[in-house]
Amino acid sequence: MEEILTGKEGERYFLLGNEAIVRGALEAGVDIAALYPGTPMSEIGDVFHALAKSVLDKGEEPSFYFEWSANEKVSLDICIAASLSGLRALCPMKAQGFNVAADSFLDYLTACNLVETDIKGGLVLVCADDPGGTSSVNEQDDRYIPILADVPMLEPSNCQEMKDMTKKAFGIAEELHLPVFLRTVNRVNLSRGDLLFGKLGVPRRKGDIKGVPISFDRTRCHANILKKMEKAKEFSEKSEYNRVIKFDGGKTGHRRIGVVASSISISYAEEIIRELGVEAELLALGFTNPLPEMLCKDFINKFDEIIVVEELSPFLETQFLKMAHEISDKTKIWGKETGHFPRAGEYRLETVAEPLAKVFGMDNPIPRREGSRIELVARALTNCPGCPHRNTYYAIKQVVPKDAIFANDQGCYLLGGLEPYKMSHAQYSMGASIGLACGFQQATGKPSIAFIGDSTFFHNGMSPLANAIHHKYDITVVVMDNGATAMSGFQLHPGTDRDAMGREAISIKIEDVVRGLGATFVEVVNPNNIAETREVFKRAIAHNGVSVVVSKALCRLMENREKRRKGLKITSYEIDQEKCDQCNICIDIYACPAFYEVDDKIYIDDVQCAGCGVCQEVCRVGAIREKGAENG
Amino acid sequence: MDKNGADILIVGIGGLGVITASSIIGMAAVRAGNRVSSAEVHGIAQRGGSVTGTVRIRDYSVSPLVGDGQADIILGFEPLEVLRNISKASKKTIVITDITPIRVITPTQFVYPKLEDIFAEIEERCAKLYKIDGLALAKKAGATIVRPTVLLGALSEIEDFPISSEVILITIEENVPARYKEQNIAAFREGANFIRGQLK
Ligand code: SF4
Ligand code: SF4
């Protein structure tokens, strides 16, 4: 990872898309980066964090300031202030994180856009979409945001462009005095590729703001932004990221067909056209708001038919339909509207191969193949072996009233909503659990329980809790405090005692916050002690008013990592087959994924077992014992 | 696959080292002067879910995903996961898989298929199947955690594999913790010897 900082200009390196963004920012001389982690872009923060640490370890000062902010709105406000002060700021977030930051992003634009020079330092907002929604609650297509906000958008299609466009975006932002929206997709964020490095930039380090650029004349502000966007269009027409790639595969037909693509779809389209061996042209679009109208119209004019390849919404397609209509309506546009491409789900080569082959009238070069004959069940999503969240759920399940309603939240613990615990009637966005529990309690009169994580609590959990306490809601809030933002890779948050720059930080205790807000029942318990946890929950649920239980134990992966680092042994556990009476509680009800069953006998998988030993408390007949062997 | 390129699929479950192995192959390929595109596909949990990595080695830039029937090599860290990805194989594909199953059945009542059935179907759908006891060889090399390196050693011995053993080994040495360096080198040799033994 070191090479992201020390790598030489003109050399080729193999980086993750997210790492390439960091290099791009460093080549632009970024001063400040701030973010709240979230897949698929957390590594951007991980890299800044690690680089800061490595520089500090050498006794030097990092050239940038980086922080893990409490949420996306906070990180964006910090970056906006940096930009208004003339510094270059990078603010990455996942698609759903943008929803939190949208408040500031959409408002500041009109509030701070009166004078031409208001936005002095380049501000680049990286928005990482997640087609397929593997790590997100939806497939939100954020390409409409730049249209809504009237800001320029760049969309990288590979690792090289992740770096180059990030660097370029700062320049564009400063020339236009507008923030640049760098929209990425999971498949580029999380792909690795080779890329050529450029020169490291020189940060400005210290900024300043003079005068008061705020005006209340919204119409004038809006008009000013629109004027800037006219200029952005010129940039887009001239951008090297909007280019026509020619293929001379030899095979020609009598129809003239052009292909248009953006983002990761460029690489799929390129590959399929090459496989088809046709003579064709591909309009690859990387500067996608505003679109280069002249370039696009020239392209449309050249062809009888155009295929538009893009994931999710018909963002390009509708604009191409409009442009084609404005020209003459002679050119047929194939895409989602014609049913050639799906609107839902992440694309793969096969998704693009079939319609492309169809329109070109050729054989599909990558036909879908059958899966296995043996039926395979997906490995179910569940918490890690030894995860403390499982213990919290296991304990509460034993004492909770049958008719209780559960509101869950965003973090590893949301997996408690799945089999076999099924403790989530609703979960969707950060911090929603507490408001949901209040709403359920009010609407149904049934006992309502909210589950929320430590990082999520700091992100967006405090205001709904204040609301709940103030209104004397009779709910139980379980804060599952595992010491980090575990799901996205164990990042720091306001509860940890260090910050990303390696400095000592004030560790805020959730129980103190909760008491400060006025909760009358607050208890802290270690969920790895199931009996004790059960008792605490009994009292909490019986309490009238808001009861808060902080269920506190380190994420098992972090704990074991720490143990390994200290050279401590992690012993796995095994089942004494003599004693085991096959009640299956450990497998069916407790459900640690280290257990498996062969011929009606239950075993513990050596490799999977995290050595927590909690299952010993779960087993009624004492059949589980320590193994004594090292678990690598 | 030839000296200039290969599409490699690396499959397993979270925590077994799939991603680390993919990135080592990728780094080695770039070091050897190739263009490389590589992806990782996994779910939201940190451990235990299916994980797939791709490494596509070319002399030009390509997309990071491997299409159906397009894998030259499938490197399996877990046999069932190889079968799960069998649509990526063709009669030209070489499969190397670790033989140790992860039989996790929770939280669904999923019964792990018979290992011999899994191997039989893989064999039917590919050109050549190598079954390697990575865990045993890793133990022989001194530590169970170097199991991914056993598989990398095996991979390096595949005929026409575009990156040389030396380059892969140097890349491994540079990217593993110093205290496990010896064991990793030994593991690489164990894996390589295993394939050489099979080729005889
Ligand atoms: S990463 Fe940590 S908190 Fe998340 S499921 Fe695994 S053990 Fe639990
Ligand atoms: S000790 Fe028991 S509960 Fe803990 S990880 Fe191992 S099998 Fe699972």
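Predicted model: local features only at pLDDT ≥ 70, side-chain atom pairs only at ≥ 80, totals over all residues.
Colleague: How many residues of chain A are in contact with chain B, and how many residues of chain B do they meet?

Modeller: Contact is counted here between heavy atoms within 4.5 Å. On that basis the interface joins residues from both chains, and the count is 64 residues of chain A against 66 residues of chain B.

Colleague: What area is buried between chain A and chain B?

Modeller: The size of an interface is often given as the accessible area lost when the parts come together. For chain A and chain B, carbon and sulfur atoms give 56% of that area, and on the side of chain A the residues that lose the most are Phe14(A), Arg369(A) and Arg379(A), together 16% of what that side buries. The area buried between the two chains is about 5400 Å².

Colleague: Which helix of chain A gives the largest share of the side that touches chain B?

Modeller: Several elements of chain A give two or more residues to this side, among them strand 1 (12-16), strand 8 (191-196), helix 13 (349-360) and helix 19 (556-565). The largest share is five residues, and these come from helix 10 of chain A.

Colleague: How many residues on the side of chain A that touches chain B are charged?

Modeller: The residues of that side include 33 that are nonpolar and 12 that are polar. The remaining class, the charged residues, numbers 19.

Colleague: How far apart are the closest N and O atoms of Glu271(A) and Arg56(B)?

Modeller: Across the interface of chain A and chain B the rule finds seven salt bridges, and there are also 19 residue pairs in polar contact. A salt bridge requires the side-chain nitrogen and the carboxyl oxygen to lie within 4 Å. Glu271(A) and Arg56(B) form such a bridge, with their closest N and O atoms separated by 2.7 Å.

Colleague: Which residue of chain B stands opposite Gly193(A)?

Modeller: Strand 8 of chain A and strand 2 (residues 35-42) of chain B run antiparallel and are joined by three bridges. In that strand of chain B, the residue standing opposite Gly193(A) is Ser37(B).

Colleague: Is Ile25(B) buried or exposed?

Modeller: Ile25(B) lies in helix 1 (residues 18-31) of chain B, and, leaving out residues up to four places away in sequence, Ile25(B) touches Ile8(B), Ile10(B), Val55(B), Leu75(B), Leu152(B), Leu155(B), Phe161(B) and Ile163(B). Its C-alpha atom is 10.0 Å from that of Leu169(B), a residue 144 places away along the chain. Because its relative accessibility is 2%, Ile25(B) counts as buried.

Colleague: What is the relative accessible area of Ser75(A)?

Modeller: Ser75(A) belongs to helix 4 (residues 72-84) of chain A. Beyond its neighbours within four places in sequence, Ser75(A) is in contact with Ala34(A), Leu35(A), Tyr36(A), Ser69(A) and Cys91(A). Ser75(A) is buried, and its relative accessible area is 0%.

Colleague: Which helix do the buried residues of helix 19 of chain A pack against?

Modeller: The buried residues of helix 19 of chain A are Arg556(A), Leu557(A), Met558(A) and Asn560(A), and the helix is followed by Gly567(A), whose phi is positive, near 75 degrees. The buried residues of helix 19 pack against residues 388-397 of chain A, which form helix 14.

Colleague: Which residue takes a positive phi in the hairpin of strand 21 and strand 22 of chain A?

Modeller: Strand 21 of chain A pairs with strand 22 (residues 601-604) of chain A in the antiparallel sense, over four bridges, and Tyr596(A) has Tyr603(A) as its bridge partner. The hairpin has two residues between its strands, and the residue with a positive phi, near 45 degrees, is Asp599(A).

Colleague: Which residue does a cis peptide bond join to Pro40(A)?

Modeller: Most residues other than glycine have a negative phi, and most peptide bonds are trans. Pro40(A) lies in the loop between strand 2 (32-35) and helix 3 (42-57) of chain A, while another cis bond joins Asn289(A) and Pro290(A), with omega about -10 degrees. For Pro40(A), omega is about 10 degrees, and the cis bond joins the proline to Thr39(A).

Colleague: Is Ser263(A) buried or exposed?

Modeller: Ser263(A) has a positive phi near 50 degrees and sits in the loop between strand 10 (257-262) and helix 10 of chain A. With a relative accessible area of 4%, against a limit of 20%, Ser263(A) is buried.

Note on methods
Residues numbered from 1 in each chain as written. Chains lettered and ligands numbered in written order. Heavy atoms only, no water. Buried < 20%, exposed > 50% of the residue type's maximum accessible area, 1.4 Å probe, protein only. Buried area = accessible area lost by both parts, 1.4 Å probe. Polar contact = N/O pair within 3.5 Å; in protein donor to acceptor, adjacent residues only side chain to side chain. Nonpolar A, V, L, I, M, F, W, Y, C, P; charged D, E, K, R; others polar. Pairing = 2+ DSSP bridges.
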